[in-house]
Amino acid sequence: MHGIFTIYKKEMEDHFSSTRFLLITALIVMVGVIIASMVGMSMRDELQGMAKPDFIFLLLFTSTGKLFSFIQFIGFFGPLIGIILGFDAINRERTGRTLSKLVSQPIYRDAIINGKFLAGMTMIAIVMVSLVVIIAGLGIRLIGVVPGAEELGRLLIYLVLSILYISFWLGAAILFSVVFRSTATSALASLAVWIGLSFFIGLGGSLLADAIAPMTQTADMAQAQDSFVKNAEVQRVASLLSPATLYGDATSTILDPLRKTPRSFVLMGPMERISLSRFQNPLPLLQSVVIVAPFLISLIAITFVCFGICYAVFMRQEIRST
Amino acid sequence: MEKETVIRMEELTKRYGAQTAVNRLSLKVLEGEIFGFLGPNGAGKTTTMLMLLGLTEPTSGTVRVCGYDPARDPLKVKEMIGYLPENVGFYEDMDARQNLRYIARLNRIPDKVSTGRIDRLLEEVELAKEADKRVGSYSKGMRQRLGIAEVLIKEPKVVFLDEPTIGLDPDGTNRMLDLIQGLSRERRMTIFFSSHLLDQVQRVSDRIGIMIQGKLVAVGSLDDLAQRGLGLEEGEAYTLEEIYMKYFKEA
Ligand SMILES: Nc1ncnc2c1ncn2[C@@H]1O[C@H](COP(=O)(O)OP(=O)(O)OP(=O)(O)O)[C@@H](O)[C@H]1O
Ligand SMILES: [Mg+2]
């Protein structure tokens with residue numbers, strides 16, 4: 001325990017003075033706040049003299065302004081914070097030749113990984129909480145509503161989800177920093193996985209679906225329908241492999257109770273959107289949580305898998321200072 | 001008084017694939033001794049040291065440091081030993097004091113205790129004037145001395161130094177060797193140090209082990225080695241170089 005705490009403290013100091021981390025965080029906070037405040041301003045104009053709809057406060061986070069909504073933005077770029085914090089956690093010490101010194105001190109090796117992970121996670125929590133608090137403050141000023149208890153509860157769950165999600169990326173990045181000796185390689189590997197899982201899995205999923213269950217061109221209506229359903233099913237299963245998709249679904253379920261379906265916005269067609277907007281019964285908070293819980297559990301599970309591999313590789317690894 | 005065996009290796013072997021880096025090494029080092037581990041590049045000196053520290057696992061054989069197995073009781077061993085790696089690194093953005101403080105904290109030394117110790121050690125390794133400069137700006141000699149200070153901050157019983165004089169100028173080398181000698185004489189520390197430079201090993205070691213291509217070819221005091229290796233009588237003149245060359249040719 002002692003070792004973890006010492007390493008945690010040093011890592012926190014390092015993060016606070018790391019230009020790289022501060023730059024990327026400043027950028028993400030800035031863009032996030034700009035997106036939300038643009039949404040807030042257009043809402044203020046549109047809502048003039050109208051009755052305020054339910055969950056108006058959450059719309060700050062979920063409405064797409066010009067390009068995408070705040071939660072979509074964090075879904076795409078949030079992982080970068082985790083990657084920046086973790087990609088060189090271990091191999092930086094290796095190339096700086098401090099690692100052999102560190103592992104010859106009376107601390108367990110897992111304390112090094114755990115201390116670094118906890119420090120990173122704390123930074124992620126600080127960034128996410130301040131972002132949400134800034135936007136909430138802006139929202140109160142712009143649209144003049146104070147969030148209700150349920151809205152606050154949903155925001156809180158959103159925060160937990162996001163912190164865990166970005167921490168998953170932190171864990172993955174730390175894993176790469178253990179496996180790869182060069183910081184450049186681990187950075188590239190982390191980025192490749194990030195791009196792969198965030199952007200290409202949808203593409204890969206539809207390719208896979210076409211390969212496994214091609215949509216047949218027949219005159220037989222029933223058969224065509226059948227193959228269409230199969231194809232969509234394969235696509236859905238493939239998308240479950242992507243933590244990015246899962247996270248997107250989970251956050252929209254939590255913050256967008258009126259939508260009732262956990263599909264990410266970009267993947268929804270116009271008809272789907274129209275039909276959804278007809279049904280305006282919000283999903284109760286408890287139900288939202290029930291939908292999100294499996295995702296949360298699997299997220300924690302894959303983070304632990306990352307850790308398991310980290311330990312397995314690092315615990316018995318030979319550490320030379322050359 | 002019988003001296004305690006601090007380091008014991010029996011039939012210690014380390015293989016990397018087909019290559020045997022350390023081949024059935026058996027060796028004892030007694031308390032308070034300065035043991036010089038001599039060998040050319042690639043002889044297996046560093047590998048031996050890593051096994052003693054539990055930083056790599058032996059392929060076969062046993063190691064005991066202060067009675068503990070470094071692979072099974074790593075913390076027990078690491079509490080008692082200090083290790084100066086071959087190319088020691090530091091946190092370049094921190095100053096000497098901060099680097100030392102970090103190591104002290106990892107060893108559970110309270111700041112109240114370590115503050116005084118850090119000041120004394122910085123005096124001792126002649127870094128007191130530069131203590132507040134970033135380590136990134138240190139010269140090779142200063143880094144090596146800071147490395148020694150980091151080893152000593154936890155007041156270890158056994159000290160492992162891997163090529164402690166490498167890259168030092170003659171004056172720096174002398175001061176380093178004096179320091180090593182002082183640690184053994186004044187603080188009763190056991191010192192295990194490696195080098196490929198004969199004259200340095202000769203100058204400070206109580207006993208010497210010569211390792212060539214993973215095999216310990218000779219071990220003993222300088223006189224022992226001369227008598228056995230070269231077949232010299234007592235009092236005859238010799239240099240370690242002659243001994244070394246002889247074993248080297250044999251190997
Ligand atoms: N990870 C490794 N994989 C394969 N071979 C290795 C590995 N580490 C060391 N070796 C080999 O083991 C042998 C012993 O290496 P070691 O570093 O112990 O030598 P050394 O005596 O410390 O040499 P030097 O004076 O150059 O530091 C060398 O031949 C080296 O090539
Ligand atoms: Mg070596």
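D199(B) is exposed, with a relative accessible area of 53%; exposed means over 50%, buried under 20% and partly exposed in between, using a 1.4 Å probe and protein chains only. The residue D199(B) sits in helix α7 of chain B, residues 198-204. Helices here are DSSP runs of H or I with at least four residues, strands are runs of E with at least two, and both are numbered from the N terminus. From D199(B) to C66(B) the C-alpha distance is 29 Å, and 133 residues separate the two in sequence.

A word on the model. This is a predicted model, where local features need pLDDT of at least 70 and side-chain atom pairs count only at pLDDT 80 or more, while totals for chains, interfaces and linings use all residues. Residues are numbered from 1 along each chain as its sequence is written, chains are lettered from A and ligands numbered from 1 in the order in which they are written, and side-chain values use heavy atoms, with hydrogens and water left out.

Staying with chain B, the metal site. Which protein atoms are donors of the magnesium ion, ligand 2? They are OG1 of T46(B) and OE of E86(B), at 1.9 to 2.5 Å from the ion. Donors are N, O and S atoms within 2.8 Å of the metal, or 3.2 Å for Na, K and Ca; water is not among the atoms, so sites may look incomplete. T46(B) belongs to helix α1 (residues 45-53) and E86(B) to the loop between β5 (81-84) and α3 (96-106), so the pair ties together parts of chain B that are 40 residues apart in sequence. Both T46(B) and E86(B) are buried.

Now chain A. Chain A has 13 helices and 0 strands. Its C-alpha atoms fill a box of roughly 65 × 55 × 30 Å along the principal axes. Of the 322 residues in chain A, 49% are buried. Among contacts in chain A with a separation of 6 or more, 81% join residues 24 or more positions apart, a contact being heavy atoms within 4.5 Å.

Last, the interface. How many residues does each chain bring to the contact? Chain A gives 27 residues and chain B gives 31 residues. Together the two chains bury about 2,700 Å², 56% of it on carbon and sulfur atoms. Buried area is the accessible area, with a 1.4 Å probe, that two parts lose on being put together, summed over both. On the chain A side, K10(A), K101(A) and P106(A) lose the most area to chain B, together 24% of what that side buries.
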